[in-house]
Amino acid sequence: MASECNISSNLKEIKKSIESIRQTGLITSEEVILVAVSKTKPVEAVIEAYEAGQRVFGENKVQEAEAKFLDLRTGKKDIELHLIGPLQSNKAKEAIQTFDVIQTLDRSKLVMALSKELKKQDRAVEFYIQVNTGEEPQKAGVLPSGLSDLLKLCKSENLNVTGLMCIPPVDEEPSLHFSFLAKLAKENGIPKLSMGMSSDYELAVRFGATHVRVGSGIFGARNYPT
Ligand SMILES: *Cc1c(COP(=O)(O)O)cnc(C)c1O
């Protein structure tokens, strides 16, 4: 499909759709930020989106993000970059250098590594905790039962946790997971909710998402899965 690769019009369509849901929904948030997931896509695609007005981007790998964004950001300082993929503790330094928001905080070892790194680097990084709402053994994210302890640790380590993030199991109704994540956020006084991807971002907005992470819906299908 030719239209799949028209980044600018894809962005426009998605924003329009988000806005119309937001205005009619019952529990939608005041503002929904579209995180453009550019993983596997070349820097030219990022520039095209930037020129169409997009400022918030998501990448799932530290090295790929560094390669794509470090140079680019020196001339485009208003880019906001989110890490949406799993982070290894030994990449904490690079992650703090590269990202403005780390959405995938999910264990105490990582909290300690990031906190140590933040003391060395003068960077204001926001953190979301990834919750494994489907309790899938192979999936990253803290189990719902471990959330409150992890939040306590983040607080004592001065990590600025502002959001929760989830990736629902592929074979389950995502709305159950979106409403569950919204409930956890409310119970813990956390304002931001990162949920919804190309296939279900509209549903996520209906359940109160403040951030939706859309990749293929903007940049077209990826050549290889990640
Ligand atoms: C790749 C990815 C997305 C975007 O997926 P699409 O289906 O292409 O929109 C969103 N969130 C995470 C965590 C991802 O890894």
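Q: What is the accessible surface of the protein, and what share of it belongs to carbon and sulfur atoms?
A: This is a predicted model, in which local features need pLDDT of at least 70, side-chain atom pairs count only at pLDDT 80 or more, and totals for chains, interfaces and linings use all residues. Residues are numbered from 1 along each chain as its sequence is written, and side-chain values use heavy atoms, with hydrogens and water left out. Accessible areas come from the Shrake-Rupley method with a 1.4 Å probe; for residues, only the protein chains shown count as cover. The surface comes to about 11200 Å², and the carbon and sulfur share is 51%.

Q: What percentage of the 226 residues of the protein count as buried?
A: Buried means under 20% relative accessible area (1.4 Å probe, protein chains only). Of the 226 residues, the buried share is 52%.

Q: Which residue has a side-chain N or O atom 2.4 Å from an oxygen atom of the ligand?
A: Polar contacts here are pairs of N or O atoms within 3.5 Å. A polar side-chain atom of R222 lies 2.8 Å from a ligand oxygen, and a polar backbone atom of S216 is 2.8 Å from a ligand oxygen. The residue with the 2.4 Å side-chain distance is S198.

Q: How much of the area that the ligand exposes when taken alone does the protein bury?
A: Taken alone, the ligand exposes 390 Å². The share buried by the protein is 89%.

Conventions: A polar contact is a pair of N or O atoms within 3.5 Å; within protein, one must be able to donate a hydrogen and the other to accept it, and residues adjacent in sequence count only if both atoms are side-chain atoms. Buried means under 20% relative accessible area, exposed over 50%, partly exposed in between (1.4 Å probe, protein chains only).
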